[in-house]
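Please consider the sequence and the structure shown below. The paragraphs that follow lead through them step by step.

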Amino acid sequence: MTDSPGSEKSTKFYNLSQAERLAWLEQNTGMSAETLSILSGENGLKTEQANHMIENVIGTFALPLGIAKNFLVNGREVLVPMVLEEPSVVASASFMAKLARPAGGFTAHTTAPEMIGQIQVINLPEIHSARLRILEARQQLLDIAAEVDPMLQKLGGGPRDLQVRLIEDSPIGAFLVVHLIFDVRDAMGANAVNTAVERLAPQIESISGGKVHLRILSNLADRRLARSRVTIQLDQLAFGNFSTEEVRDGIINAWAFAVSDPYRAATHNKGIMNAIDPIVIATGNDWRAVEAGVHAYAARNGKYTSLTTWGKDAAGNLVGTIEMPMAVGIVGGATRVHPQAKAVLELMKVENAAQLAEIIVSAGLAQNLAALRALATEGIQRGHMTLHARQVAIAAGAVEEEISRLAAQLVQEKQVRIDRAQEILTEWRK
Ligand code: MEV
């Protein structure tokens, strides 16, 4: 059963039983049986551990953890873990990653891991000179901010810059916003940044003569971007009776719809997040923060638009790109507390937060391709329905081999409904 992790050369991962998939992982990733039992959830998060994470804990709540295959990111094979409830995402991401392989997979990079902390300064007697006074004290303020996390400083992180924005027409009139730019290295960074902006508040009040109000991180992490690009060779785009050119141009036309219309862009970007949130969740990161940043970024020019681009190169191949803020860490928070998140990071073999972000956005690009390819050709319902039918079959009470058989019949009848599923089951069991 040995083949290179990530690829699907000899083994069809989806045809294996769950136990065989774990055996495959043991053979192909070098992970111990113990870590795999954590990864599988068998020895996952205990209620006792959960009790220390949030308040009023009464238990834990499981979701499926699947692995998207075939991903080649910056020349490295990666197994991409996804935690989600929606059928067909793992399968379609894996399939798109396979189509990307002949042209080398995904090429991704990130900008510096710089987060922004905001300090709102109100009640300023003379706002313009206050702004300059804060800017004049830039170095002194950065030195104070540097003291909050000596460990981060040692690792090469820490405060990088200080900017002051003038907000002129707000419901309360003009005020200032100080932006502390903070390099958080491999952390998500909220704690370090929030501590730093709180620490700066008294100094900023005395320099400006105003009152510091809010002191908090911005989730519009537009200085911490992750980008990825992919080329899909034209011959990889064959689909049923559609010519490869038709599929390629159909994808580009579908993308143009999202670029120009926010109603479509919201759905287009939702499809991208179908792959992104599941990895953010699997690695114990804050998916609400990522979601907030991504959508704010999609509207950065005043109009909500697509987070991806699709076009064709000189040879006629399909070329896609993605760019978005990606505030994820591999140290701190739940990434180091949740046992499955730790095991997931081990599975991905990521050495730093940048590598994790690069994989996440590459999966988002793959998922967007899957949706546009389906929408531009046969529509998404056929593929979706096959998988959805399994859930309907389970919900109707089907067990073991009944599940696949019942799902197949529902799809064939084009009646993927729970009442029909129950009817069939009752007939079978008579
Ligand atoms: C469904 O979860 C996601 C899609 O709607 C995305 C899209 O329309 O691009 C298929």
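Which residues line the second largest pocket? In this predicted model, the lining consists of Leu63, Val83, Leu84, Glu85, Glu86, Lys270, Met273, Asn274, Asp277, Pro278, Ile281 and Glu291. Sorted by class, these residues comprise 6 nonpolar, 1 polar and 5 charged. The space within the second largest pocket amounts to about 160 Å³. Of the elements that contribute to its lining, α10 gives the most, with 6 residues.

The complete set of surrounding residues is Glu86, Arg264, Thr267, His268, Lys270, Gly271, Asn274, Ala371, Leu375 and Ile380. By class, the shell is made up of 3 nonpolar, 4 polar and 3 charged residues. Glu86, Lys270 and Asn274 belong to this shell, and Glu86, Lys270 and Asn274 are also found in the lining of the second largest pocket.

In Glu86, a polar side-chain atom is placed 2.7 Å from an oxygen atom of the ligand. For Arg264, an N or O atom of the side chain lies 2.7 Å from an oxygen atom of the ligand. Lys270 likewise has a polar side-chain atom 2.7 Å from a ligand oxygen atom. On its own, the ligand has 300 Å² of accessible area, and the protein covers 86% of this.

Most residues other than glycine have a negative phi. Against this background, Arg185 deserves attention, with a positive phi near 50°. Arg185 is located in the loop that runs between β6 (175-183) and α8 (190-208). Its relative accessible area is 29%, so Arg185 is classed as partly exposed.

Lys349 is also a residue other than glycine with a positive phi, in this case near 55°.

Technical notes: Residues numbered from 1 in each chain as written. Predicted model: local features only at pLDDT ≥ 70, side-chain atom pairs only at ≥ 80, totals over all residues. Heavy atoms only, no water. Near = heavy atom within 4 Å. Polar contact = N/O pair within 3.5 Å; in protein donor to acceptor, adjacent residues only side chain to side chain. Areas by Shrake-Rupley, 256 points an atom, 1.4 Å probe, with all protein chains shown as cover. Nonpolar A, V, L, I, M, F, W, Y, C, P; charged D, E, K, R; others polar. 1 Å grid on protein atoms, 1.4 Å probe; cavity = no way out; pocket = protein on both sides within 12 Å on 5 of 7 lines; lining within 4 Å. Points joined across faces, edges and corners; volume = space filled by probe spheres on them. Helix = DSSP H or I, 4+ residues; strand = E, 2+ residues; numbered from the N terminus. Buried < 20%, exposed > 50% of the residue type's maximum accessible area, 1.4 Å probe, protein only.
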